[in-house]
Amino acid sequence: MKAQAAGNDFLILEETAAMGRHAQLARTLCARHTGVGADGIEFLERRGDETFFLRLFNADGGEAELSGNGTRCVAAWLAESEGLLEVALGTHGGMRKCRVIVKEKETPWWIETGMGVPRVMPRTIEIAGVAGPIEGLMVNMGNPHFVVFPEREDFGSHGMSWQELGAKIAVDPVFKFGTNVEFVRVLKKDEIAFRIYERGCGPTTSSGTGTCASAAAAIVMRGAARKLGVVAEGGAQEVVWPETTAEMLLIGPAKIVCTGEARVDL
């Protein structure tokens with residue numbers, strides 16, 4: 001099954017189909033020109049106690065802790081295929097509880113997801129090949145993020161495009177396991193925009209955890225409202241963070257693209 005959330009697209013496979021080939025399947029099926037095409041694969045495990053667990057493998061074959069948008073895509077699929085309007089999905093980044101808000105004919109599912117409590121820490125880094133220090137924030141959403149507030153309207157910084165700078169930061173040794181990188185601009189008290197260079201994927205149109213990390217950084221460092229519209233290239237989502245010690249809620253769309261059978265030669 002393929003689904004997308006604000007243009008961030010995922011394949012969903014039953015864990016039983018993986019047969020230990022998770023990384024190979026991700027690289028093969030996520031290829032844009034020779035495979036189905038996706039940012040990653042969510043492998044859905046149905047456990048004996050009737051709970052669910054997700055393993056996320058990015059397009060490069062690397063395993064990540066979780067994806068907010070990918071988790072929401074799985075929740076949409078379980079709602080559409082099995083009528084589950086509330087579901088708890090285990091991930092390596094923690095449990096994520098999803099609740100369907102609305103589904104109208106031929107429109108995306110709108111789903112609210114509990115995203116855990118963000119952990120935000122200011123950090124200045126220096127990257128080889130980049131002029132001067134880069135001031136930002138490390139944000140843990142169950143997976144790692146580094147958030148930068150660029151001056152330029154095109155989200156560029158340090159004499160580079162956001163794509164170029166993001167590519168350097170994402171794999172720099174200062175981040176032991178790599179990091180997702182967000183470039184955030186505060187548009188209004190209650191609205192921000194961001195671009196993301198995603199670890200293991202590169203530039204993507206959106207990200208659920210990236211949306212939350214961007215919002216948390218803007219709230220902590222720029223005094224943004226605790227109920228925020230967050231706009232990415234793939235569209236807008238809404239974040240609600242009642243207080244610093246509370247769980248952050250992410251509200252956004254997810255749409256089933258297709259179901260089918262893929263032929264793979266591994």
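A polar contact is a pair of N or O atoms within 3.5 Å; within protein, one must be able to donate a hydrogen and the other to accept it, and residues adjacent in sequence count only if both atoms are side-chain atoms. Keep that in mind for the first residue stop.

This is a predicted model, where local features need pLDDT of at least 70, side-chain atom pairs count only at pLDDT 80 or more, and totals for chains, interfaces and linings use all residues. Residues are numbered from 1 along each chain as its sequence is written, and side-chain values use heavy atoms, with hydrogens and water left out.

**Whole chain**

Start with the cartoon. The protein chain holds 4 helices and 17 strands. Helices (H or I, at least four residues) and strands (E, at least two) are DSSP runs, numbered from the N terminus.

Switch to the C-alpha trace. Along its principal axes it spans about 50 × 40 × 35 Å. The radius of gyration of the protein chain is 18 Å, which agrees with the value near 18 Å for a compact globule of 266 residues. That radius is taken over C-alpha atoms, and the globule rule is 2.2 Å times the number of residues to the power 0.38.

Now show the surface. The accessible surface of the protein chain comes to about 12100 Å², and 50% of it belongs to carbon and sulfur atoms. Areas come from the Shrake-Rupley method with a 1.4 Å probe; for residues, only the protein chains shown count as cover.

Colour by burial. Of the 266 residues, 52% count as buried. Buried means under 20% relative accessible area, exposed over 50%, partly exposed in between (1.4 Å probe, protein chains only).

**Stop 1: Gln237**

Select Gln237, in strand S16 (residues 235–240). Gln237 is buried, at 4% relative accessible area. Which side chains does Gln237 meet? Another, of 3.5 Å, joins Gln237 to the side chain of Asn69.

**Stop 2: Thr113**

Thr113 sits in strand S8 (residues 109–114). Its relative accessibility is 0%, so Thr113 counts as buried. Leaving out residues up to four places away in sequence, Thr113 touches Arg72, Arg96, Lys97, Cys98, Met248, Leu249 and Leu250. Contact here means heavy atoms within 4.5 Å.

**Stop 3: Leu66**

Go to the loop between strand S5 (63–64) and helix H2 (68–82), and pick Leu66. Leu66 is buried, with a relative accessible area of 3%. Beyond its neighbours within four places in sequence, Leu66 is in contact with Leu56, Thr91, Gly93, Arg96, Met141, Gly142, Asn143 and Thr209.

Draw a C-alpha to C-alpha distance from Leu66 to Gly94. It reads 8.3 Å, with the two residues 28 apart in sequence. For the chain, among contacts between residues at least 6 apart in sequence, 57% join residues at least 24 apart.

**Stop 4: Phe155 and His158**

Move to the loop between strand S11 (144–148) and helix H3 (162–170), and select Phe155. His158 lies in the loop between S11 and H3 as well. Check the backbone. Phi of Phe155 is near 75°, a positive value in a residue other than glycine. Phi of His158 is near 55°, also positive and also in a residue other than glycine.

Buried or partly exposed? Phe155 counts as buried, at 6% relative accessibility. His158 is partly exposed, at 29%.
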